[in-house]
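I opened the model today and kept notes as I went. The entries follow in the order of my look-ups.

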Amino acid sequence: MPMHASAFRQHRWSLLVGAALTLAAVAFCLLGLTRWIEWPAYDLHVRYFSSLDASDRIVHVDIDDDALNRVGSWPWPRDLQAELIRILDELGAERIVMDIVFSDPKPAEARLPGLDRYADIEGPIEQIGELSPENLVYPDDELAAAIREAGNVDLSFYYQADAEPSAASPLGQRITPLLREDFSLDVATLANRLGEQPTAIEAILAGIKRRVADERVTEILSAHPDYSARQVHETLLPTPFDRLTADRADVLAAYFRRISLRELHAKCPPLPESLRGRLRRVEEVVPPVYKFARASDGVGFVNFSPDFDGRTRHVPLLMEWDGRLIEQLGLAAARRTLGIPLEDLAVDSAGNLRIAARGDRPAMRVQLDDDGQMLLNWHVPGSHWQGCFAHLPVTQLLRIGDCRRGLRENEIRRQQTIGRALWLVRGDEGFEPYRRQVHALLEYQRTLRWAGLAGRVESLDIQAAQAEAEKLEQLIAAEQHETLDFIEQTWKELEREPDPTDPAIAEDYRRFKEAYELTSRTLAELADADDRLEEEARRWLAQLRPMVAGKVCFVGYTATAVADMVATPAFGRMPGVMVHSQVFNAFTQGRFRGWARPAMQVAVLVLMGLLMTLLTIRQGPRSGFAILLAVVAGGFLINAVGLFDRRDYWLPLLTALILAFLVWALLVLVRYLTTERQKRRFVKAVAQYVSPAMARRIADEALELDLSPVERRVSCFFSDLAGFTGLSEQLGPDGTRRLLNPYLEAMSAALHRHDALINKFMGDGIFAFFNPPILPCPDHERAACASALDCRRALRELIQQQDGHPLAEFFRRLSMRIGLAAGPVFVGDYGSESKLDYTCMGDTVNLAARLESANKQFGSAIMLADAVREAVGDGYVYRHLGRLQVMGKTTGVSVYELLGEPVEVDDAACRLAETFSDAVAAFARRDWADALSRFEQCLQQRPDDAGACRYLRLITGYRDNPPPDDWNATIELTEK
């Protein structure tokens with residue numbers, strides 16, 4: 001329904017308040033201030049309404065607190081991590097995703113078998129072997145070899161999105177060009193050249209040298225890509241390469257970083273045309289060690305930044321770096337696992353990532369924000385992150401490595417035991433050839449190990465070394481077997497000697513006894529230990545293979561001591577590696593979390609604000625609050641279940657719901673302060689015309705409290721008391737009041753029962769009308785007739801109730817006349833600015849007033865116009881009184897006397913009404929004789945019938961002086 005100007009004026013404060021609140025909410029939304037309430041609501045939806053399943057291809061290999069307690073504090077030796085990768089590969093892992101950034105190189109380490117961190121608990125212990133080249137471990141080469149051999153390892157790196165060159169101080173700007181010319185300049189030389197204090201230069205020189213070293217090394221490698229570290233060093237520094245200096249460290253660090261970046265650059269694919277110009281660029285990256293990057297199957301960045309409140313909800317997916325595409329670690333693993341080629345990736349005009357369908361894989365669409373970040377779709381199985389995906393403690397995998405390490409150490413013990421036995425029975429001279437053979441075999445094995453780590457096992461020299469090593473192994477094994485047999489046989493012979501202390505055999509007895517004990521007891525113990533270790537390793541392999549085979553293994557920290565825990569909507573705090581597995585899971589499931597763009601949020605706010613404003617204006621506070629509750633409950637259910645759960649769509653709705661509540665609350669307050677005050681004034685004004693209860697109902701139900709004059713079809717009611725002027729003269733003022741007030745009260749009650757609006761009391765007269773705009777009454781003609789009859793009954797009841805009253809005689813003399821007319825009028829406020837009257841004006845009002853007065857000329861009580869008779873129909877008994885032309889009118893109108901309802905009008909009255917109506921019809925036909933006869937019959941039934949008498953006088957005159965030809969039987973009334 002359109003709102004009129006007056007209604008707008010009436011509700012202007014409510015509309016202004018609602019509009020202001022809506023605009024404020026929109027401004028808060030556009031400024032990003034609503035995130036303080038929307039994101040916590042999002043977190044609630046994640047915890048209770050996420051329906052994303054877990055992929056059965058994901059298993060987490062947890063470096064947990066128990067692992068740190070067992071193995072040692074982080075970082076672990078890289079050869080140990082290499083062993084972990086080899087075990088996962090042996091167990092059949094489809095892909096190994098390392099959420100560990102290996103950005104710094106590790107030097108070689110010397111380790112002795114059998115020694116651990118608890119070695120000195122019982123004091124000095126016997127170490128196995130001596131420090132030799134065989135004890136050197138090259139952790140980076142071990143890890144690189146394990147990554148290369150597995151062939152399915154994804155590595156991690158960082159990027160720096162907004163890296164900028166550090167601003168140099170004025171002194172630094174003077175130092176930099178000198179270092180670019182001669183990198184070896186020291187503090188003293190620079191101070192002498194620049195005329196500055198050495199302490200000032202020393203404070204900033206280290207940082208400047210690192211920056212200049214990186215720039216110069218980059219320039220050299222750009223011109224000579226194949227330069228080694230030695231060649232770069234010789235280009236920049238005059239000192240020998242093997243001399244350890246701070247400048248050498250800066251140059252080699254820059255060289256290492258540059259070749260690591262080069263390997264990472266080669267590992268990242270060129271940026272596809274479909275993504276060119278649509279991704280955010282990064283300037284700096286922290287690459288993995290070049291050996292690892294070269295050996296890996298793929299790489300992925302692990303950057304993600306928490307939102308304003310410290311919780312991680314978004315993850316960047318794709319970035320551009322130096323013309324290359326870099327991918328988020330989880331996405332990179334998913335793309336390779338699902339076989340998604342780069343040409344299937346595209347970013348549309350809306351900034352969304354689209355992945356084309358291929359084969360059985362459907363198309364995917366991932367909504368991205370302005371920074372290229374996806375909103376994570378979380379798998380939330382419960383309240384603890386441990387229940388999210390399958391988890392495998394790394395200690396269980398390392399038990400396999402422990403068994404194999406034990407086997408290797410036992411083999412060293414075995415070889416040392418056999419060597420000791422050989423020395424005992426052969427002496428120094430006899431043992432020397434065997435020692436040379438063993439050392440030669442160790443040398444070959446060392447060479448073969450290096451070749452294996454470097455991936456050179458196919459070269460000819462390595463194959464020749466392999467052949468020589470196999471020969472030596474056979475020779476040594478044969479000699480060991482022969483010697484062990486010799487020791488056993490000789491000891492058996494010596495054991496039969498009657499006197500072991502005989503000087504001739506005592507020395508041989510002692511040596512062979514010790515050798516036999518070594519070869520029999522110690523070797524047997526080692527063999528038993530090996531059997532147990534091999535059985536334990538087989539058991540763990542059998543137990544773990546079903547958990548790992550065919551799975552994508554995410555290796556990362558879950559230990560609290562490593563501090564890789566991040567705050568998330570799903571679990572409060574959880575290991576960061578699980579963010580990457582959540583990304584992987586979303587892509588394997590093909591389900592991504594979308595969200596409403598700002599334009600949609602603004603539209604929802606505007607719609608909610610306007611809707612609640614209009615509803616609160618048009619409804620009462622209670623109805624508005626009920627609607628508000630329905631809107632809040634419905635909005636929450638639709639958003640949580642219909643959108644978030646089933647459609648993976650997030651609509652920030654809490655601001656809109658809060659806006660709805662604020663609009664309702666403030667508009668109720670405004671309504672109380674303004675509208676309710678107007679309503680009270682309106683009730684007071686309308687109560688002049690209707691009952692107080694009716695006035696309140698009108699005010700409650702009125703949609704527009706507009707009293708401006710409007711055209712309306714109404715039924716008018718005029719009543720008057722016959723002869724009341726004479727009564728009032730006899731009663732005096734006080735008596736008149738005591739008589740008139742009960743009468744008016746009874747008439748008002750009767751009129752109110754039929755929804756009449758009493759316009760005014762005119763002494764003993766009453767003016768009321770039906771169907772004004774403020775009190776609609778569709779069947780107003782019938783209501784007017786019913787109220788007229790009800791007033792007549794109320795008067796009779798009033799007279800009966802006054803028996804015994806001092807004025808009872810005067811009450812019995814009361815007789816009322818009523819005039820009814822229906823038709824168009826103008827209804828509204830009329831008057832001056834200081835005094836207004838809500839009334840109606842028009843010919844219908846005048847006609848009703850004249851008909852009331854005409855009753856006394858026809859002896860009738862209730863006279864109504866034909867418009868009322870036609871609208872009401874035959875529901876009542878009428879007496880047709882003919883056509884009357886009241887004063888002030890130029891045309892006549894058919895009028896009737898309302899006698900009552902059929903059940904309350906007796907047969908005699910009905911016959912009289914019928915006879916009178918027939919007489920009027922004969923009069924209209926100019927059938928004077930018939931009319932005369934019928935009116936005389938009426939007088940016989942009612943001698944005091946004023947109407948019949950009036951017609952008889954007219955007939956007498958018309959017989960002598962017939963009316964003109966255009967006469968229409970209208971009786972002109974010359975009195976009011």
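Are H7 and H9 parallel, perpendicular or oblique to each other? I looked at the axes first, since two packed helices are described by the angle between their axes and the distance between the axes.

**Entry 1: ground rules.** This is a predicted model, in which local features need pLDDT of at least 70 and side-chain atom pairs count only at pLDDT 80 or more, while totals for chains, interfaces and linings use all residues. Residues are numbered from 1 along each chain as its sequence is written, and side-chain values use heavy atoms, without hydrogens and water.

**Entry 2: H7 and H9.** I took helix H7 as residues 170–181 and helix H9 as residues 198–223. Helices here are DSSP runs of H or I with at least four residues; strands are E runs of at least two, and both are numbered from the N terminus. The two axes come within 9 Å and cross at roughly 45°. Axes are lines fitted to C-alpha atoms, for helices over the stretch in contact, and angles run from 0 to 180 degrees between N-to-C directions. H7 and H9 are therefore oblique to each other. (Under 35 degrees is roughly parallel, over 145 roughly antiparallel, 65 to 115 roughly perpendicular, the rest oblique.)

I then listed the contact (heavy atoms within 4.5 Å). H7 contributes Leu171, Gly172, Ile175, Thr176, Leu179 and Arg180. Residues from H9 include Ile201, Ile204, Leu205, Ile208 and Arg211.

**Entry 3: the buried side of H7.** I checked which H7 residues are buried (under 20% relative accessible area; exposed is over 50%, partly exposed in between, with a 1.4 Å probe and protein chains only). They are Leu171, Gly172, Ile175, Thr176, Leu178 and Leu179. These buried residues pack against H9 and also against helix H8 (187–194).

**Entry 4: Ile37.** I found Ile37 in helix H3, residues 35–49. Ile37 has a relative accessible area of 31%, so I logged it as partly exposed. Leaving aside neighbours within four places in sequence, Ile37 is in contact with Leu654, Thr655 and Ile658. I also looked up Tyr896, 859 residues from Ile37 along the chain: their C-alpha atoms are separated by 73 Å.

**Entry 5: the whole chain.** I noted 29 helices and 29 strands. The C-alpha trace spans about 190 × 85 × 55 Å along its principal axes. Of the 976 residues, 48% are buried. Among contacts with a separation of 6 or more, 74% join residues 24 or more positions apart.
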